[in-house]
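Hi everyone, thanks for coming. I'd like to walk you through a structure that may be new to you, so let's bring it up on the screen.

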Amino acid sequence: MDEIHADHAEPELSEGAREELMDMCEQQFALLEKLQNEIILCEPDFSENPQEQSVNWLLATQAELEQWQTMEPRLLAQNSEVLLKAGKEEMLKLCSELELVLACAEAKRDKLKETKKLEQKWLEEKRQVINAVTDHAKLIQENNETLSEHSVLQDTKDKIQKMKVYQERLMESMGEILEKHVPPPRDDLSANKKKNIPEESNENLITLSEILELLMNKFLNTPHDPYVTIDSTFWPPYIEILLRHGIAVRHHENNFKIRLENFF
């Protein structure tokens, strides 16, 4: 590149080359002047049909274009000194343009390097964030599994305890209601004396609450066989109360078996 600029400082063209260029310029100017005069003197031939006139102009333009395409290019000058001078100028101009392109390419390359560096830094940060989030998610999942198992177990225990307390309250409430409204078998001793029933048979009878508890336990523990066999400890009036009010039902084949009615 420095050599080309050094050559550009060489002496100007010789007198002969200069005269040849001047003659060529005068010829071209004369040709241009002639063409200009012809254009000025040429009056436009207006046609009554604008569409036809446009078609004619188009055909003329196409013919001129074809003529120019068939023409062979010729040198501006025959003098080698002129051609060398013109070539050097074109080379200098081309070198200047290439230098500009190179500078733009280098600037774009530097910009891309900077962008790549920023993108790599951003990518590394995102990877670190993803790794941290993944580890945190795994830790949370492990903690949740541990807490879930413990919480389910504790919740089940709490529910069982609440059900036990609730069952005890129900049993106490039922016992109080039965004690208040349903007479125990031992209170009917006078009636048994009138019927000549021994006292010891009344002492073995169980209360209505005990009968209900037996029925419920049998129903819950062995749902496939919920029947309880009636023996001498069951006071018949109690059995009649349970059957009449739909609390218990008899076995369809054995009248000495009863079960708790299914209320579900």
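Let me begin with a question: in helix H4, by about how many helical turns are Asp 155 and Lys 159 separated? They are separated by about one helical turn, because they sit four residues apart in H4, which covers residues 80-181. In general, residues three or four places apart on an α-helix point the same way, because there are 3.6 residues a turn. The side chains of Asp 155 and Lys 159 meet in a salt bridge, at 3.5 Å from N to O. Asp 155 counts as partly exposed, with 37% relative accessibility.

Before going further, please keep in mind that this is a predicted model.

Now the overview. The chain has eight helices and three strands, and along the sequence the pattern reads α-α-α-α-α-α-α-β-α-β-β. Of the 264 residues, 13% are buried. The accessible surface is about 22600 Å², with 57% of that belonging to carbon and sulfur atoms. If we take the contacts with a separation of 6 or more, 60% of them come from residues 24 or more positions apart.

Back to salt bridges for a moment: the count comes to three. One of them joins Asp 110 to Arg 109, with the closest N and O atoms 3.6 Å apart. Asp 110 is partly exposed at 41% relative accessibility, and Arg 109 is partly exposed at 43%. Another joins Arg 244 to Glu 240, with the closest N and O atoms 2.9 Å apart. These two residues are in helix H8, four residues apart and so separated by about one helical turn. Arg 244 counts as exposed at 66% relative accessibility, while Glu 240 is partly exposed at 35%.

Let's stay with H8, residues 236-244. Which residues are buried there? They are Tyr 238, Ile 239 and Leu 242. These three lie on the same side of H8, because they cover an arc of only 100 degrees around the axis. On the other side, Pro 236 and Arg 244 are exposed. The cover over the buried residues of H8 includes helix H7 (208-221), strand E2 (248-250) and strand E3 (257-260). After H8 comes Gly 246, which has a positive phi, near 70 degrees.

Strand E1, residues 228-229, is joined to E3 by two bridges: Val 228 has Ile 258 as its bridge partner, and Thr 229 stands opposite Lys 257. E2 and E3 pair over three bridges, with Val 249 opposite Arg 259, and a hairpin of six residues joins E2 to E3.

What about the faces of E3? Ile 258 and Leu 260 make its covered face, and Lys 257 and Arg 259 its uncovered one. As a general point, side chains in a regular strand alternate between the two faces of the sheet.

One last stop, on the surface. Phe 29, Leu 31, Leu 32 and Leu 35 make a nonpolar patch of about 420 Å². Leu 32 is found in helix H2, residues 15-41. Is Leu 32 buried or exposed? Its relative accessibility is 52%, so Leu 32 counts as exposed.

Definitions and conventions: Residues numbered from 1 in each chain as written. Predicted model: local features only at pLDDT ≥ 70, side-chain atom pairs only at ≥ 80, totals over all residues. Heavy atoms only, no water. Buried < 20%, exposed > 50% of the residue type's maximum accessible area, 1.4 Å probe, protein only. Arc of directions from axis to C-beta. Contact = heavy atoms within 4.5 Å. Patch = residues over 30% accessible without salt bridge, like charges linked within 9 Å, V, L, I, M, F, W, Y side chains within 5 Å. Areas by Shrake-Rupley, 256 points an atom, 1.4 Å probe, with all protein chains shown as cover. Salt bridge = Lys/Arg side-chain N within 4 Å of Asp/Glu carboxyl O. Pairing = 2+ DSSP bridges.
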